[in-house]
Amino acid sequence: MSGLRLMAVHAHPDDESSKGAATTARYAAEGHEVLVVTLTGGERGDILNPAMDIPGIRDRMPEVRREEMAEAARILGVQQRWLGFVDSGLPEGDPKPPLPEGCFALVPLEEPTRKLVEVIREFRPHVMTTYDENGGYPHPDHIRCHEVSVAAYEAAGDPDRFPEAGPAWKVQKLYYSHGFIRKRLELFREEYERRGEPFPMEEWLKRWRTEQGDIMARVTTQITCSDYFPKRDDALRAHATQIDPNGSFFAVPLDIQQKVWPTEEFELAKTRVHTAIPETDLFAGIEDGQVR
Ligand SMILES: [Zn+2]
């Protein structure tokens, strides 16, 4: 089965390379059309890679982030569109400072929803992915990404909503991608113990907040995509200003990841087709040729 369309909605450039990236690379390689929609330009992302904190980079960040995004999309084999909103930044401190004027999280929901509906009606995806109601990570743009995606999933199929945004298109399934899975880290640690080596993410595991609960209880769908982990990592490294190549994301070698946890995890949030849980395919239940 090929020729189906998958749309992955993300808050910032680089999110598409760290959340469900190997899954998108796999579907693209298997002949499906994959479109990443990036809601903001990532303008407020700090330089997180010391090697990139150099003159000529910091003073042209918006442009640099566009170049990085284009390279990441090329590596993953996906198409990419900007929705044109401005990064809200991650407010830090106690109390948190107010969000900057005009930023994405402050724009009335209707506006990004209409723009995303327009892209949905043009690309006509069978499946969409986004984040859960907590954003997967408590950034105001990630929570907004969830709200906009859910609103656009509903509105795109309703001819009475945004009639000027093109003919109605019903997306068949909506998923939340889940990346922070405790069990995955615990299995990595067991593998290090077997090898008699210290686990490089021990501190990370210790800091894990128990109130986050076990997200695996919400996972309905696991996509085997370990062959595409190298592309995922290359795409992430293409966001050179945002990613420290010596950071924890790359701490566990690929061969261990591929052996111990070869999948990416999703939660089927809404569906208009019948499907049996658990699933191993985002397109499960969508018959080829039925909904072109
Ligand atoms: Zn982000």
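The legends below describe close-up views of a predicted model.

In this predicted model, local features need pLDDT of at least 70 and side-chain atom pairs count only at pLDDT 80 or more, while totals for chains, interfaces and linings use all residues. Residues are numbered from 1 along each chain as its sequence is written.

View 1. Helices (H or I, at least four residues) and strands (E, at least two) are DSSP runs, numbered from the N terminus. The C-alpha trace spans about 60 × 45 × 35 Å along its principal axes. Of the 292 residues, 40% count as buried. A residue is buried if 20 or more other C-beta atoms lie within 10 Å of its own, exposed if 12 or fewer, and partly exposed in between, with C-beta atoms placed from the backbone. Among the contacts with a separation of 6 or more, 79% are between residues 24 or more positions apart. Two residues are in contact if their C-beta atoms, placed from the backbone, lie within 7 Å.

**View 2. The open sheet of seven strands.** The strand order is E3-E2-E1-E4-E5-E7-E6, and the pairing is mixed. Strand E3 (79-85) and strand E6 (221-224) form the edges, each pairing on one side only. On average, neighbouring strands of the sheet are turned by 30° against each other, direction ignored. Two strands count as paired if DSSP finds at least two bridges between them. Strand E1 (residues 5-10) and strand E4 (residues 127-130) run parallel and are joined by three bridges. Met7 has Met128 in E4 as its bridge partner.

**View 3. Helices H2 and H5 against the strands.** Helix H2 (residues 21-29) lies across E1, strand E2 (33-40), E6 and strand E7 (263-271), and runs at about 145° to E2. Helix H5 (residues 140-156) lies across E1, E2, E4, strand E5 (173-178) and E7, at about 160° to E4. Axes are lines fitted to C-alpha atoms, for helices over the stretch in contact, and angles run from 0 to 180 degrees between N-to-C directions. The 17 residues of H5 reach 24 Å from the first C-alpha to the last, close to the 24 Å expected at 1.5 Å a residue. The expected span is 1.5 Å times one less than the number of residues in the helix. H5 is mostly covered, with 13 of its 17 residues buried.

**View 4. The residues listed by UniProt for "binding site".** The unreviewed UniProt entry lists His12, Asp15 and His142 under this feature. Although spread over 131 residues of sequence, they cluster in space, the largest C-alpha distance being 9.6 Å. UniProt positions are given in the numbering used here, feature names are shortened, and annotations may be inferred rather than shown by experiment. His12 is in the loop between E1 and helix H1 (15-18). His12 counts as buried because it has 25 C-beta neighbours inside 10 Å. Beyond its neighbours within four places in sequence, His12 is in contact with Thr38, Thr40, Gly42, Gly45, Asp87 and Asp141. His142 is placed in helix H5, and it counts as buried with 24 C-beta neighbours inside 10 Å. Not counting residues up to four places away in sequence, His142 touches Ala11, Tyr131, Gly135, Gly136 and Tyr137.

View 5. Pro278 belongs to the segment after E7.

**View 6. Positive phi at Arg124 and Phe162.** Most residues other than glycine have a negative phi, and most peptide bonds are trans. Arg124, in the loop between H4 and E4, has a phi near 50°. Arg124 is partly exposed, with 18 other C-beta atoms within 10 Å. Phe162, in the loop between H5 and E5, has a positive phi of about 45°. Phe162 is buried, with 20 other C-beta atoms within 10 Å.
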